[in-house]
Amino acid sequence: MNENLLVAMEGIGKRFGENWVNKNVDFSLKSGEIHALLGENGAGKSTLMNILAGVYKQDAGEMMLHGKKVILSSPKDAISNGVGMIHQHFKLVENLTASENIILGYQKGLFLNKKKIEKDIRDFSGKYGLSIDPSDYVYHMSVGEKQRIEILKALYRGADILILDEPTAVLTPQEIKELFDILRKMAASGCGIIIITHKMREVMELADRITVLRKGVRVGTVLKSQVDEKELTEMMVGKPISEKKIKDRKEGKEIGLSIENITIHNDKGIAALKNVSFQVKKGEIVGIAGISGNGQKELAEGIAGLRKMEEGAIKIEGEGVGGKTVRQIIDMGLSFVPEDRIGTGLVGSMDLTDNLILKDYRKEKRRKGFFIQKKKIREEAKKVVEQFDIKIADIDAPISSLSGGNLQKILLGREILEDPKVLIAAYPVRGLDIATTEAVYDLLLKQRDGGCAVLFISEDLEHILRLSDRIVVLEGGTVTGIVKPGETTMDEIGMMMLSGQVG
Ligand SMILES: Nc1ncnc2c1ncn2[C@@H]1O[C@H](COP(=O)(O)OP(=O)(O)OP(=O)(O)O)[C@@H](O)[C@H]1O
Ligand SMILES: [Mg+2]
């Protein structure tokens, strides 16, 4: 028996109804190891890890933790066996403090020694570099801080097996760097780390070993040192995948979206955008480059009418959005794929068709007399499923059972179906696998070619350069440059993204 083996899963099978989503999967984790779990949307990654974390019970196979056979019947069971999982979507209580969240449901005695708990938490944070203020309320916190609380919560309960399900999807580059430092420190002190991610670069940077799942089956487990990104992609998809060449950069004439000297405040009442101006023409993709947190969110929300402007004007085809309701702006032809897609309008207990009409049930084109044309929309739902290759067993089933990436696809599909005049896509490929990423980009280009003005917000400079007709660089709430992809370099844009911080 290998002493260093923290986890040994053998022949794991899991089915939902008749659908086997894990088939005969072997998986192991050693002490001190960072093990990446890869696979396309719906491949069964979260399901396998939910079994390890006691959320689901396997229908076949066995599991050993720390060399002992275990049968886990709840997350509590898993925790007492040293397994902690940070889920794709956090489960913190917003109106409690960090330390209250960490001990929630855990404290055994009647009396809480707040000072002692806060000291324990500070000690833990110090050890791994997890900086948080234990007495601060969660609703004040950035996504990065919330994630650190989740990690602390697991550590506080004694976890030495930590599972992170797509932890970087919502982090800024700086936060990702901090997280990776923390994970390396934890591994160095003997923990085992499992990380699920769609970002190949992160896998190559962080992982020691890699396991790839495809359609619920383990395709292979390899040492990072023995593979490259291309080979991993082929293992995931089952065939080589190539980026489509993008040609025909268009020089539009008519203006679709006009941003005129706008100033918008963030939640704290500080100017997040200062006197920003630029335009997006019809038939053009304008990429917003910048480290997230530099005004992107406020810009998108300002256009969509979700946030008030202090100064300036925003116009869709010449008509101002100022003073209009969100509903009215949608009717003017705006579609918005927001950054925070979970919790923005998907209802888990409803089926796909109902979710698709949720947003625009009031629109004339969806109505016939007083009732909604459900049949027509069901056809559209089928189209979304096809176009985005959504893995859904039954189109009439509630969507709560979809995988994380497939949920994202539904939201995107809903917005793009609208045939908008202006489309804002904020980080549209977050959480999506490689093939779907290409499909989404294809759709953005189709919208552009159909005359839509597309605003594409992303942190990934490679993607920005590939897709955009023009690039607006945001830094510290101001525009630090407007450039064309053919006339600039990644380095040059990088400099503009940091200009305020270097100077
Ligand atoms: N509670 C459930 N009921 C029914 N089907 C489910 C349930 N949970 C997951 N599934 C199905 O199992 C399959 C695998 O889902 P899983 O969430 O494990 O995928 P994933 O690899 O994590 O994908 P993603 O990268 O999109 O997060 C999907 O087809 C999903 O629809
Ligand atoms: Mg998942």
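**Notebook: ligand 1 and its surroundings**

I started at ligand 1 and found 17 residues surrounding it, the closest being Ser-46, Ser-401, Ser-403, Gly-404 and Gly-405. A reminder to myself: this is a predicted model.

Next I looked up which helices take part. Both α1 (45-52) and α13 supply at least two residues each to the shell around ligand 1. I then sorted the shell by residue class and got 11 polar, four nonpolar and two charged residues.

**The six-stranded sheet**

I traced an open sheet of six strands with mixed pairing, and I wrote down the order as β16-β19-β20-β13-β21-β22. Which strands stand at the edges? They are β16 (334-337) and β22 (478-483); each has a single partner strand, so one side of each is left without a neighbour in the sheet. From one strand to the next I get an average twist of 15°.

I looked at one pair inside this sheet. Strand β13 (residues 284-289) and strand β21 (residues 470-475) run parallel and are joined by four bridges. Ile-288 stands opposite Val-472 in β21.

Then I turned to the helices on the sheet. Helix α9 (residues 296-303) packs on it and touches β13, β16, β19 (422-426), β20 (453-458) and β21. The direction of α9 makes about 150° with that of β19. Helix α13 (residues 404-417) also packs on the sheet, where it touches β16 and β19, and its direction makes about 170° with that of β16.

I followed strand β1 (residues 5-16) and found eight bridges joining it to strand β2 (residues 19-30), the two running antiparallel. In this pair, Ala-8 stands opposite Ser-28. The two strands form a hairpin with two residues between them, and Gly-17 in the turn has a positive phi of about 60°. Strand β1 also pairs with β4 (residues 60-65), antiparallel and through five bridges; here Gly-13 stands opposite Ala-60.

Helix α4 (residues 114-128) packs against helix α5 (residues 143-156) at about 105°, with the axes 11 Å apart. That makes α4 roughly perpendicular to α5. I listed the contact residues as Ile-121, Phe-124 and Ser-125 of α4, and Leu-152, Leu-155 and Tyr-156 of α5. By class, I note five nonpolar, one polar and no charged.

Note on methods
Residues numbered from 1 in each chain as written. Chains lettered and ligands numbered in written order. Predicted model: local features only at pLDDT ≥ 70, side-chain atom pairs only at ≥ 80, totals over all residues. Pairing = 2+ DSSP bridges. Axes fitted to C-alpha atoms, helices over the stretch in contact; angles between N-to-C directions. Contact = placed C-beta atoms within 7 Å. Parallel < 35°, antiparallel > 145°, perpendicular 65-115°, else oblique. Nonpolar A, V, L, I, M, F, W, Y, C, P; charged D, E, K, R; others polar. Near = placed C-beta within 6 Å.
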